[in-house]
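Take a look at the model below. We will walk through its sheets and helices in short steps.

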Amino acid sequence: QGQPEQHEFSAEVGRLLDLVVHALYSDREIFLRELVANAADATDKRRFEGLTNSALALPENASIRIAPEKDKKELVISDDGVGMTHDELAQNLGTIARSGTRAFGEKLNAAKAEDRPSLIGQFGVGFYAAFMVADRVDVTSRKAGADEAWTWSSDGKGAFTLTPSTRSTPGTDIVLHMKSDAEDFLDSWRLRSIIRKWADHISWPITLREVNEDGTVEEKAANEGTALWRKPKAEITPEQYTEFYRHIARAFDEPYATMHWHAEGTTEFTALLFLPNARPFDFMEQSRESKIHLHVRRMFITDEADLLPNWMRFVQGVVDTEDLPLNVSREMLQATPVLARIRKAVTKRVLTEIKTRAKDADAGFNAFWENFGAVLKEGLWEDSEHRQEIAGFARFHTTHGDDLTTLDDYISRMKDGQDVIYFLTGDNLDALKASAQLEGFHARGLEVLLLSDPVDAFWPERLHSYNDKTLRSVVYSHGDLEKFSTDNEETVEAANVDTLVPALKEALGDAVKDVRSTVRLTNSAVVITSEGGPDLAMQRLMRRSGQ
Ligand code: ADP
C-alpha cells in the first residue's frame with residue numbers, strides 16, 4: 001500500500017463546509033438524499049457511457065447499497081457507478097467548480113431555516129452535507145475502465161488525503177464515521193423512512209442492510225423505484241407529486257403547476273412537468289438550456305436533450321417515450337425526428353398551461369411572473385414562432401399605478417388617436433419612474449411601460465408590434481407628443497430659448513449631435529436622448545460587455 005498524499009481544500013471549500021455544517025443542523029437527514037442522488041447520477045452516467053463502450057457497461061444487478069455498521073459507528077453507501085480517478089477525487093471533492101461561494105454564504109445566512117436545505121441542493125455542494133453527520137469521511141472509488149482505486153479521506157477541516165487502495169469492481173464506497181450525536185442515523189427504521197421520503201423515485205434499486213432477529217444479515221429493498229409518471233393520475237396523491245417535484249428539481253417549494261399527461265398518435269410519450277413557485281437563487285447563473293429528463297421506457301437517458309426552448313428552462317420534470325431504442329446514442333438523439341415532435345408537443349402544452357394560469361385573476365401568476373418573467377421575455381427576443389403568444393400573457397410595470405399589467409390592458413387605456421405602445425427601458429424601476437423622459441407623457445396622460453430587465457433592451461424591436469399597435473421607445477417618440485394636448489397648457493408654453501440653444505451647442509461642441517427645444521419636458525430643464533442609434537439602455541449593456 002502506498003503512502004497517503006496530503007492535499008489542502010481550496011479556500012472556498014473550507015468556508016463552505018463550515019456553512020453547510022452549521023447552517024443546516026436541523027435538516028441533517030438530507031445528507032442521505034445528497035449521497036444517494038450522487039450515486040444514482042454516477043450509475044446513470046455509467047449506463048449511458050456503456051452503450052457506446054462495452055468495457056464500461058454496468059453489471060446487470062447494479063444497485064445502490066446502504067449498510068449501517070452499528071458497532072463500528074459507520075454508515076456505508078456503495079454504488080456501481082462510473083467511479084472517480086485520483087484526479088477526479090481531488091477535483092470533485094476538493095474544489096468548487098461553480099463561482100459565487102460568497103453569494104451562497106450570504107444567501108444561506110439570510111435565508112429562513114426552512115429554506116436553507118434547498119440552497120445546498122441547488123448549489124451543487126451536496127457531498128459536503130456528509131460532514132453534518134460524520135466527523136470523518138472515506139471515499140474509495142474505482143473508475144469504470146480502470147484497474148486502480150483510490151481512497152479520499154478527510155475530517156472536513158481544511159485538508160484531505162488520497163491513498164492508493166483496492167476495489168474489486170468499478171464504483172464508489174462512501175464510509176461515514178458518524179458523529180456521536182448522529183448515531184440515530186444508523187437505525188434501520190430511520191434510514192428507511194429517509195429513503196422513502198427522499199429517494200423513492202430513484203429508478204435504481206436501493207437496498208438497506210438489516211440484521212434479522214436471528215442475527216442473519218439481509219439486503220432489503222428500500223425504495224419503490226416505480227416511475228411515478230407511469231402510474232394513472234387517479235392513483236397519485238398531491239403529496240406524491242410534490243415529493244417527486246422536489247426530488248427532480250432538488251427544490252423544497254410546492255410546484256405552482258403540475259402537468260401530467262400521456263400522448264399517443266404519431267409519437268407516444270408520457271410527460272410529468274412542473275412549473276416551480278420559487279426561483280433558485282443562482283438561477284441566472286445556471287446554464288441556459290432546459291434540463292428536462294428524457295427517459296426511454298423508464299430508463300433515464302439524458303437531461304441534455306433540450307426538450308423545451310431556453311426561455312422555458314425553469315420548467316422541471318421528465319418525458320418518457322416508447323419511440324426510441326434503449327441504446328439511443330448522443331448522435332441519434334441529435335438526428336431523430338422523434339425528439340423534434342416531442343419537443344413541439346411538450347412546448348405547446350406548457351405554453352397552454354402558462355396561458356391558462358395567466359387568465360386566473362389571483363395573485364399567483366403575478367408572483368410567478370416576478371420570478372420567471374425575465375426568462376419568459378427571452379422568448380420575445382428569440383422565439384419568432386411564439387413571440388406574439390408570449391406578448392399576450394406578459395406582465396409589465398407601467399406609469400399607470402403599481403400593479404402589473406398586460407398589453408391588452410394597456411391598449412384598453414390608450415388615448416383617442418394613440419396607436420403606439422410607449423415604453424422606457426432602464427436599470428431599475430425607481431429610476432425609470434423618476435425619469436425626465438416621461439414628463440411630456442405624464443402631462444398628456446399617455447401611459448408608458450417601464451422595462452427594467454436587461455433583456456428588455458432587446459426584445460421590443462423584435463416584437464415590433466402587438467395587436468397592430470407598434471411599440472416605440474419614448475426616447476424616439478417626442479414627435480408624437482405634438483398630437484396630444486396636455487392637461488396643463490402653461491407647462492409647455494415655449495420658453496424663450498432662441499439664444500440659449502446656440503449657446504449650448506457651442507459649449508457642448510462635438511460631445512452631442514444636436515441641441516433642440518422640446519415639448520417633452522414639464523419640470524426638468526434638459527434631457528439627454530439619442531436618435532437613430534441604439535436605445536440608451538442597449539448602449540449601456542454593450543458598454544458593459546466591452547463592445
Ligand atoms: P453535485 O452532485 O451537485 O455536482 P456534489 O458535491 O454532491 O455536487 O458532488 C461533486 C461531484 O463529485 C459530482 O458532480 C460528481 O462528479 C462527483 N461524485 C460525487 N459522488 C459520486 C459518486 N458516488 N460516484 C461518482 N462521482 C461522484
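Strand S12 (residues 293-296) and strand S13 pair in the antiparallel sense over three bridges. Two strands pair if DSSP finds at least two bridges between them. Strands are DSSP runs (E, at least two residues), helices are runs of H or I (at least four residues), and both are numbered from the N terminus. Within this pair, His-295 stands opposite Phe-300 in S13.

This is a predicted model, in which local features need pLDDT of at least 70, side-chain atom pairs count only at pLDDT 80 or more, and totals for chains, interfaces and linings use all residues. Residues are numbered from 1 along each chain as its sequence is written. Here pLDDT is the predictor's confidence in each residue, from 0 to 100. The protein averages a pLDDT of 86, and 88% of the residues score at least 70.

Now widen the view. An open sheet of five strands runs in the order S10-S11-S14-S12-S13, with mixed pairing. Its edge strands are S10 (257-263) and S13 (299-302), and each pairs on one side only. Neighbouring strands of this sheet are turned by 20° against each other on average, direction ignored. Axes are lines fitted to C-alpha atoms, for helices over the stretch in contact, and angles run from 0 to 180 degrees between N-to-C directions.

Helices come next. Helix H7 lies across S10, S11 (269-275), S12 and S14 (316-321), running at about 95° to S14. Helix H9 (residues 337-359) also packs on the sheet, touching S10, S11 and S14. The direction of H9 makes about 140° with that of S10. Two residues are in contact if their C-beta atoms, placed from the backbone, lie within 7 Å.

Which residues of helix H6 (residues 188-198) are buried? They are Leu-191, Ile-195 and Trp-198. A residue is buried if 20 or more other C-beta atoms, placed from the backbone, lie within 10 Å of its own. Seen down the axis of H6, the buried residues fall within an arc of 85°, so they line one face of the helix. The arc is that of the directions from the helix axis to the C-beta atoms. An α-helix has 3.6 residues a turn, so residues three or four places apart point the same way. The buried residues of H6 pack against helix H2 (30-52), strand S2 (64-69), strand S8 (206-211) and helix H7 (238-249).

Finally, turn to another sheet. Strands S16 (residues 420-425) and S17 (residues 448-451) pair in the parallel sense over four bridges. Leu-424 stands opposite Leu-450 in S17.

Key: Buried ≥ 20, exposed ≤ 12 C-beta atoms within 10 Å, placed from the backbone.
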